[in-house]
Amino acid sequence: MARLVVLGGGVAGHTTATFAAKWLGSGHEVVVVTPNSKWNWIPSNIWVGVGQMSKEEVTFDLAPVYAKAGINYKQAKALSLNPEGNESSDKSFVTIEYTEAGKAGQTETIEYDYLVNATGPKLNFGATPGLGEGSELGEHTVSVCTADHAVHAASKLKESIEKMKNGERQKFLIGTGHGMCTCQGAAFEYIFNIEHELNKAGVRDMADMQWISNESFLGDFGMGGLHIKSMDYTVSSKIFAESLFVERNVKWLIGAHVSKVEAGSIDYELLDGSTGKETFDFAMLIPPFAGVGLKAFAKDGSDITDTVFAPNGFMKVDANYAAGAYENWKASDWPSTYQNPTYSNLFAAGIAFAPPHPISKPMAAPSGTPITPTPPRTGMPSGIIGKAVAYSVCDLITKGENAHLHEASMADMGAACVASTGKGVFDGTAAAMTVYPVVPDFDKYPGTGRDTDHTFGEIGLAGHWIKHILHFLFIWKAKLKFGWTMIPE
Amino acid sequence: MALKDEKNIEAYGQTYNAMTPGSFAKSMRTCKIWQFFRFIAINIKMIVVVGKSH
């Protein structure tokens, strides 16, 4: 009987664990270790953040779902990996610390035959002074990264709306809180959902709305933008993004690294070397991501964290980490099997794997401050990777260690994304997009790097309907309800 | 002719070279009949990309 341990119960980890449990059956064991007691459909946190959904609508308890799937669920955070075992045993093991009430703080070791690291990001608020401490949100800004953060953000938004109704102008500052952030798409959704709600509340004319991000052009979204066919023209996402910002009267400040956050203001540095200060009454700034901080130890107890993990804390996989300058980047730099190059029974899925480099061209201010969007790993790629890794591990368990590993390179897969620009069954809109492939391949698709026959985008009510339907579909799938395997990632 | 969005353009400011939708383009975004057909078209496009990705 083999044991697969999956660290993390988000999109990637949950996908890996549930498919592995289904395919392996009762003959083998699947263990999920996650510090959270609830699963969160993160894309809908935006709507929680504007008061259009409740926390209960975007979360559900994990324990009963894992019990139904026959998965051994431990509400705990992983602390360290011992892929070589220790001095008394060759068996690989992970050390965990419980977060579950009643067992909080207790540690335990779990031996594994295979381990999938799907721990997602550490929300590194502490990387920007004043934005927060460590992974804790500070007091000056709000966040929509978790359901609890989003509930708090909605209450602050409500306060701002009340102030505007009482005649007090409010300045909204939304975007990224560091030069190396990703998730510009989430901030994009939030600023336009706020704008939509302010219009509904009748106070839009009392609001000044400002976007701030590390993108070198609007519409970069951490993937170098995309090119869309429109009326037989091939058009950059920059054109469409700027159009929406102008249409909705949202100003923008891009190429920016937020260097400090204080009550009511931020300091920033731009790609051209200039610095400045921006004031706000309400601010949501996405934090940069890092790995969750797992350590790794060799058999003799020596620290091998640098061998298993990249400096940013994400786990090394079968990527080319020596690609060097932007001019040398290739689509083939990106991993396909997500297997750790040193320990063949270790995999990483979703945000937890270390990308070889960004997708967007790296840039820096004259001072040397890097101001470059880092690559997004959105739901669809994360789910596809999680499923491919599950497939690989199941084959390794059932067919032996020489089994073929399944591939799911982001340079060979597309993504369907829906960015909400306002919620409403009859007056909502969203930008529905597909991009193929996610990581541009300039050899295969000279010019744009993408297949423009399968890369498209449009904004409208249909996009909103799609996003709302996907909310229900993916929660249904995650709860393992009837037909869940038929819903694609 | 609606000039609301064009008013957001500032001469030689950051908004000067942006395109802005007219009233017809904006109304089509929430025209339920048109958006029903776009819903079908977008879903087909997405299903094709999902199929190519699995």
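**Notebook: a helix, a sheet and a chain contact**

I began with helix α1 of chain A and found it mostly covered, with 12 of its 14 residues buried. I kept in mind that this is a predicted model. Among the buried residues of α1(A) I noted V11(A), H14(A), F19(A) and L24(A). The run from V11(A), A12(A) and G13(A) through to A20(A) and A21(A) is listed as buried too.

Next I checked the length of α1(A), residues 11-24. At 1.5 Å a residue, its 14 residues should span 20 Å, and the end C-alpha atoms are 20 Å apart, so the two agree. Just past the helix I stopped at G25(A), which takes a positive phi of about 70 degrees.

Then I turned to a sheet. In what order do the strands of the open sheet of 3 strands run? I read β17-β18-β19 in chain A, paired antiparallel. I marked β17 (256-262) and β19 (275-279) of chain A as the edge strands, since each pairs on one side only. From one strand to the next, the twist averages 25 degrees. I also followed β18 (residues 265-270) of chain A, which pairs with β19(A) over 5 bridges in the antiparallel sense. Within β19(A), I found G276(A) as the bridge partner of Y268(A).

Last, I looked at where the chains meet. The contact takes 28 residues from chain A and 25 residues from chain B. On the chain A side, the elements giving two or more residues are α7 (237-247), β25 (429-435), β26 (456-460) and α10 (461-478). I sorted the residues of that side into 16 nonpolar, 8 polar and 4 charged.

Terms used. Residues are numbered from 1 along each chain as its sequence is written. Chains are lettered from A and ligands numbered from 1 in the order in which they are written. This is a predicted model: local features need pLDDT of at least 70, side-chain atom pairs count only at pLDDT 80 or more; totals for chains, interfaces and linings use all residues. Two residues are in contact if their C-beta atoms, placed from the backbone, lie within 7 Å. Helices (H or I, at least four residues) and strands (E, at least two) are DSSP runs, numbered from the N terminus. Ala, Val, Leu, Ile, Met, Phe, Trp, Tyr, Cys and Pro count as nonpolar, Asp, Glu, Lys and Arg as charged, and the others, Gly among them, as polar. The expected span of a helix is 1.5 Å times one less than its number of residues. A residue is buried if 20 or more other C-beta atoms lie within 10 Å of its own, exposed if 12 or fewer, and partly exposed in between; C-beta atoms are placed from the backbone. Two strands pair if DSSP finds at least two bridges between them. Axes are lines fitted to C-alpha atoms, for helices over the stretch in contact, and angles run from 0 to 180 degrees between N-to-C directions.
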